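Subject: Structure handover

Hello,

Here is the structure you asked about, with the sequence. My notes on what was found in it follow below.

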Amino acid sequence: MNSYLNVLVILFSVQLLKAQSNITINVTVPAGTDQVYVTGNQNALGNWDASMVKMKQVSDTQFSLTLSLDLPAELKFTRGSWESEGIIKSIDDNPNIIIPMYAKNVYDFVVKGWMDTISQDAFIKDYAFKTIESRHLNQKRRIKIYLPEDYDENNTYPVFYLTDANYLPNFEIAVQYISQLVNFSVVPPCIVVGIDQESRNDELDVYFSEKGKRFKDFIFDELVPYINKIYSTSGFNTIIGHSDGATFTHLLMTSENCPFRGFIGISEALFGTQIDDIAKVVKSYKNQKDLYWFVANGTFDSEFRIESGKSIDSTIVANPNKLIHHKQLTYAADHNDLVAKSLLDGIQFIFKDYTHLNNPKLTDSLSKSRTNPIEFWEGYTTKIVNSYGIELQMNDYDFYALTDMAVNQQDTILYNEIQQKFSKFSFYNQMEGYSMMAQDYERMGMNKEALKLWKKNLEKISFSPFYYQRPSYLLAFKLDRPKDAISFLEKSIVDNPELTLYFHYYIAQIAIKKQVLKSKAKQSLSYCESNYIDNRRFSREDLETLREKLSSW
């Protein structure tokens, strides 16, 4: 009897685990798609037959179908064959779609592209696929291309090339690091090109035999010119390689007519006379444009690879060349996770000479040497153009750094020249522009001009006590007009009553410190004591201090 009950419980549990529901599946597909099939893990889905269950077209880019499914269900989309599988996530990571047991009635999906048409610029996971015909490789070769957000053909972009784009997530790691560094203006917007390997050991041939040289010729003669032709490139190219790919980057460096001036080698191994070839390059490199070279090694990698990295470093140290910028770092990493741990540093090093002026030590030293800010900026940006082929677009950090240099030198003429020369960038037309200029004027002792700007600022911004405090203190303490300051604050109470508590505090403070209008000092201080609330501008202790000073007046 107990056995019979157990069987019933098991059968009932199985039924619960496979609930059946009517599910509507909607899918949006790339334009020009004429038919779509859905396939999956049960009869209603064709049991993974790619051409059995056809969906109904409801618009140019939308297909739909309602099915009775046993849940949970797994499915994919095709155009009638597995060669035309639909890509939902990315071509390298395209798992089955899961509809869970406790499902909704309607599911909407988006196919980003089809496996058999990825050469037609279908953008997948923020990058595109292209296929180029190679006479050196005697075949078509697929490449991945990431374009920066807001790509504009009127601008120019440095290019990162990366081998092994179809092995490990190296390409995706590079794209993510670069895009985030761009977001924080650490590096300029860049194009990233990932090169898929088809016969890795032959193509990334560490001994540089015939097949390796053909792959080099493909990169030099076909790939780089192709990218330069179809995209707006700056002429500054960096090659990234890992393992044999890192060794191969050094072989490219020592080859004639190398189109790269940036090199990132991660866990390289040098063979034969390769270190001697590198030494020759270091000694003979006289190109007018700088070369940037980053080498990374892992403490848990093979000893041979670690020693190769050290030998590169010692070779460069022994043969100093001002045009070659080199950095070698060792990480607590093994052969594979070294990519994730080191590549961020490598990308930043490649652009070590591309930086905005957000370094106070630099601007302070330039101010002390009385460097002309405008001349400095012109020379600074010219160096970036020479190094990377791009113009550094001035941002607010740069503008404020230049004005700070003029302020520190107490040079009002130079300050106004900077304002006039770079006014096209409109940094001071932003929300707090007048207040920034007013503070600069105060620092240069131009107090009357500063007061005009503070008052002009209040025409735009009146929500914070700060913007009333500064002009009132300027009037009271720098221009020695405390009564005018108090009149200004009294008028402000009428104009902006929600800030009354702060205005009374400023009145009490000014009147007591300057010992004027004692009755108003008493009135304002009493108001603050009676209506006090916790705030960021003053405390109860501050009021007690003012009360003591008023008592001794």
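F248 has a relative accessibility of 1%, so it counts as buried; buried means under 20% relative accessible area, exposed over 50%, and partly exposed in between, with a 1.4 Å probe and protein chains only. F208 is buried too, with a relative accessible area of 16%.

Before going further: this is a predicted model, in which local features need pLDDT of at least 70 and side-chain atom pairs count only at pLDDT 80 or more, while totals for chains, interfaces and linings use all residues. Residues are numbered from 1 along each chain as its sequence is written, and side-chain values use heavy atoms, with hydrogens and water left out.

Aromatic pairs

The structure holds 36 aromatic pairs. F208 and F248 make up one of them, an edge-to-face pair with 6.0 Å from centre to centre and 80° between the planes. Rings of Phe, Tyr and Trp (its six-membered ring) pair if their centres lie within 6.5 Å; planes under 30 degrees apart count as stacked, over 60 as edge-to-face and the rest as tilted. This pair links distant parts of the chain, 40 residues apart: F208 is in the loop between helix 3 (200-203) and helix 4 (210-230), and F248 is in helix 5 (residues 244-253). Helices (H or I, at least four residues) and strands (E, at least two) are DSSP runs, numbered from the N terminus. Elsewhere, ring pairs join Y473, F477, Y502, Y505, Y506, Y532 and F538 into a cluster.

Helix 7 (residues 303-318) has 16 residues and reaches 22 Å from its first C-alpha to its last, close to the 22 Å expected at 1.5 Å a residue. The expected span is 1.5 Å times one less than the number of residues. Its buried residues are R305, I306, S308, G309, I312, T315 and I316. Their cover includes helix 5, helix 6 (274-284), strand 16 (291-298) and strand 17.

H325 lies in strand 17 (residues 324-331) and is buried, at 16% relative accessibility. Neighbours within four places in sequence aside, H325 is in contact (heavy atoms within 4.5 Å) with D290, L291, Y292, W293, F349, K352 and D353.

Helices 14 and 15

For helix 15 (residues 466-478), 13 residues should span 18 Å, and the end C-alpha atoms are 17 Å apart, which agrees. Buried residues in helix 15 are Y467, Y468, Q469, P471, S472, L474, L475 and A476. Among the elements covering them are helix 13 (433-443), helix 14 (447-458), helix 16 (482-495) and helix 17 (500-514). Just after helix 15, D480 takes a positive phi of about 55°.

E449 is found in helix 14 and is partly exposed, with a relative accessible area of 37%.

The largest pocket

The largest pocket holds about 750 Å³ of space. A pocket here is an open set of points on a 1 Å grid, where a 1.4 Å probe fits, with protein on both sides within 12 Å along at least five of seven lines; lining residues have an atom within 4 Å of a point. Of its 28 lining residues, E149, Y157, V182, P188 and P189 are the closest to the centre. Helix 2 (170-183) and strand 12 (157-162) each supply at least two lining residues, and helix 2 gives the largest share, 6 residues. The lining has 13 nonpolar, 11 polar and 4 charged residues.

Regards

Definitions and conventions
Points joined across faces, edges and corners; volume = space filled by probe spheres on them. Nonpolar A, V, L, I, M, F, W, Y, C, P; charged D, E, K, R; others polar.
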